[in-house]
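Me: Got a structure open here. Can we go through how its parts hold on to each other?
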Amino acid sequence: MIDFAGKSHLNKNDLDGYKLIGDGKDGEIYQIAEDKCVKYFFKEETQQKELEALKVGQSSPIFPGLYEYGDNYIVMQYVEGVSLARHLKKEKQISKALTAKVIALLQELQRVGFTRWDTEIRHILIAQDHQLKVIDHKRAFSTKTHIPTKLFKGLKKYDVLDEFLEYVKELHPSSYQDWMNKK
Ligand SMILES: Nc1ncnc2c1ncn2[C@@H]1O[C@H](COP(=O)(O)OP(=O)(O)O)[C@@H](O)[C@H]1O
Ligand SMILES: [Mg+2]
């Protein structure tokens, strides 16, 4: 295994032999241990944004733990589980208990100080202990959320938005009111 401690820069070939578990627009994610993965960034600027957000989030259980980083990579907790997107695609419904967890997650994002406390359903991971974790935070401080439109869009895609909002109305009426007024 690569010795990340004190490594300032990661070369692509350092990752040879590791399992690629995700590749997005901003980087590639490799699993490097049972409970750790590394996000290799194409741009250092994106790494800085995500690192800042992850540092801020460390006081909250909804963020993956942060282990090591250099200018173009971050080693974080590997979250084993399925994304909310995959879950909804399979289940075609959202439970009241899961809605409550999603509301709590949005509240945590606000509590730690993110100005963007919206997220996409593919970036919410349901861990094996059924707790939610949220990943991919480059926009945490660069945009401002009034209502979580990205989340709504994802829920709508799987036809569970009305069900979700009905539960929000019950569980957290002030958020429901607030979101409806701004819609
Ligand atoms: N901490 C993690 N634990 C488990 N899987 C992860 C983790 N971080 C990223 N992934 C996987 O890699 C994919 C891409 O990660 P993401 O951070 O969204 O990259 P990008 O910024 O390029 O969009 C995710 O959708 C997820 O499947
Ligand atoms: Mg992403």
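Me: Which side chain meets Asp136 in a salt bridge?
Reply: Lys39. The N to O distance is 3.5 Å. Keep in mind that this is a predicted model.

Me: Where do Asp136 and Lys39 lie?
Reply: Asp136 is in the loop between strand S8 (132-134) and helix H4 (149-157). Lys39 is in strand S3 (residues 36-41).

Me: Is Lys39 buried or exposed?
Reply: Lys39 is buried. Its relative accessible area is 7%, and the cut-off for buried is under 20%.

Me: Which residues are networked with that pair?
Reply: Asp26, Glu50 and Lys138 are linked with Lys39 and Asp136 in a network of salt bridges.

Me: Zooming out, how is the chain divided?
Reply: Into domain 1 (12-77) and domain 2 (81-182). Their centres, taken over C-alpha atoms, are 22 Å apart. In the contact, domain 1 has 16 residues and domain 2 has 15.

Me: How much area do the two domains bury between them?
Reply: About 1,300 Å². Carbon and sulfur atoms account for 62% of it.

Me: Which element gives the most to the domain 1 side?
Reply: Helix H1 (residues 44-57), with seven residues. By type, the side of domain 1 that touches domain 2 has seven nonpolar, four polar and five charged residues.

Me: Switching topic. How many salt bridges does the structure hold?
Reply: Twelve. Lys7 with Asp14 is one pair, its closest N and O atoms 3.6 Å apart. Lys7 counts as partly exposed, at 24% relative accessibility.

Me: What about Glu91, which residue is its salt-bridge partner?
Reply: Lys90. The closest N and O atoms of that pair are 3.6 Å apart.

Me: How exposed are Glu91 and Lys90?
Reply: Glu91 is partly exposed, with a relative accessible area of 35%. Lys90 counts as exposed, at 65%.

Technical notes: Residues are numbered from 1 along each chain as its sequence is written. Chains are lettered from A and ligands numbered from 1 in the order in which they are written. This is a predicted model: local features need pLDDT of at least 70, side-chain atom pairs count only at pLDDT 80 or more; totals for chains, interfaces and linings use all residues. Side-chain values use heavy atoms; hydrogens and water are left out. Domain bounds come from an automatic or database domain assignment. Contact means heavy atoms within 4.5 Å. Buried area is the accessible area (1.4 Å probe) that two parts lose on being put together, summed over both. A salt bridge is a side-chain nitrogen of Lys or Arg within 4 Å of a carboxyl oxygen of Asp or Glu. Helices (H or I, at least four residues) and strands (E, at least two) are DSSP runs, numbered from the N terminus. Ala, Val, Leu, Ile, Met, Phe, Trp, Tyr, Cys and Pro count as nonpolar, Asp, Glu, Lys and Arg as charged, and the others, Gly among them, as polar. Buried means under 20% relative accessible area, exposed over 50%, partly exposed in between (1.4 Å probe, protein chains only).
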